[in-house]
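Please keep the structure open beside them while you read.

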Amino acid sequence: MAPEEHSERRDRNPGRGAALRAFARFVLCGGGVGVASSFAVAGLAHSVPWALANALVTVVSTVLATELHARFTFGAGGRATWRQHMQSAGSAAAAYAVTCGAMLALQQLVAAPGAVLEQVVYLSASALAGVARFAVLRVVVFARDRRPRTAPEGASRPVAVTVTRTAAPADTAALCPAA
C-alpha cells in the first residue's frame, strides 16, 4: 500500500485510532481487574453463596476499574466523579446480571461443573459484558465535550461590541446650536 493510500484511509476516520487505543487500555485495565475478580469470586464462593460473592467483588472491582478508566483508559487524567461512578455502576449492574445469568445457565446445563469450566463461562460472560461496558463508558460516562472550549493560539477570535444608544434631545437648538 502506498503511503498516500495509507494516510488517506486513516484520514477518513480520525477517531478510529483513538478508539482502538482506548479499547486496548480498557482491555488492559478492565481485563486485569476482571481476571483478578474471577479469582476473588471463586475464593469467596467457598465461604458465601456465589451470587453474594459476585456482588461483593463486582462492587469493589467497579470502583477500582472506574478509577483506572478515568485516569488511564479514557484520558480524563484525574479521579472519577461521583456521577461517573454512578453511571459506571449502572453498566456494572448489567454486567453482573450477564455473569449471574451465564453461571445459572451453566448450573442448569452441567450438574457439577469443574472450576476450569466455571472460569471459562464466567470470563466469557465478563468479556461479552465488557465490550458492551466499553461502549457505554466511552459514549456516555467518559464522553468528552466535542466543542472546543478556547480558540487555538493564533486563531482569530470574534470581538464583542456593545453599542449604547441614548435618546436624541427633542430640542432643535440642542441638536444644532446654529439654528
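1. E67 is a buried residue in this predicted model, because its relative accessible area is 12% and the cut-off for counting as buried is under 20%. This residue belongs to helix α3, and, when residues up to four places away in sequence are not counted, E67 touches R79, A80 and H85.

2. For α3 and α4, the axes come within 9 Å and cross at roughly 145°, and the crossing in which α3 passes α4 is right-handed.

3. Which residues of α3 and α4 make the contact? On the side of α3 they are W50, A51, N54, A55, T58, T62, V63, T66 and E67, while α4 brings Q84, H85, S88, A89, A92, Y96, T99, C100 and M103. By type, the residues of the contact of α3 with α4 divide into 9 nonpolar, 8 polar and 1 charged.

4. A further point concerns empty space in the model. Rolling a probe the size of a water molecule over the atoms shows where such space is left. The largest pocket has a volume of about 580 Å³, and 28 residues line it, of which G30, G34, S126, A127 and G130 lie nearest its centre.

5. Where does the lining of the largest pocket come from? The elements that give two or more residues to it are α2 (14-44), α3 (50-73), α4 (82-109) and α5 (115-141), and α2 supplies the largest share, namely 9 residues. The lining residues divide into 15 nonpolar, 12 polar and 1 charged.

6. The secondary structure comes to 6 helices and 0 strands, which read along the sequence as α-α-α-α-α-α. Of the 179 residues of the chain, 25% count as buried, and E67 is a buried residue as well. Among contacts between residues at least 6 apart in sequence, 66% join residues that are at least 24 apart.

Technical notes
Residues are numbered from 1 along each chain as its sequence is written. This is a predicted model: local features need pLDDT of at least 70, side-chain atom pairs count only at pLDDT 80 or more; totals for chains, interfaces and linings use all residues. Side-chain values use heavy atoms; hydrogens and water are left out. On a 1 Å grid over the protein atoms alone, a cavity is a set of points where a 1.4 Å probe fits but cannot get out, and a pocket is an open set with protein on both sides within 12 Å along at least five of seven lines; lining residues have an atom within 4 Å of a point. Grid points are joined across faces, edges and corners, and a volume is the space filled by probe spheres set on the points. Helices (H or I, at least four residues) and strands (E, at least two) are DSSP runs, numbered from the N terminus. Ala, Val, Leu, Ile, Met, Phe, Trp, Tyr, Cys and Pro count as nonpolar, Asp, Glu, Lys and Arg as charged, and the others, Gly among them, as polar. Axes are lines fitted to C-alpha atoms, for helices over the stretch in contact, and angles run from 0 to 180 degrees between N-to-C directions. A crossing is left-handed if the near helix is turned anticlockwise from the far one by less than a right angle, and right-handed if clockwise. Contact means heavy atoms within 4.5 Å. Buried means under 20% relative accessible area, exposed over 50%, partly exposed in between (1.4 Å probe, protein chains only).
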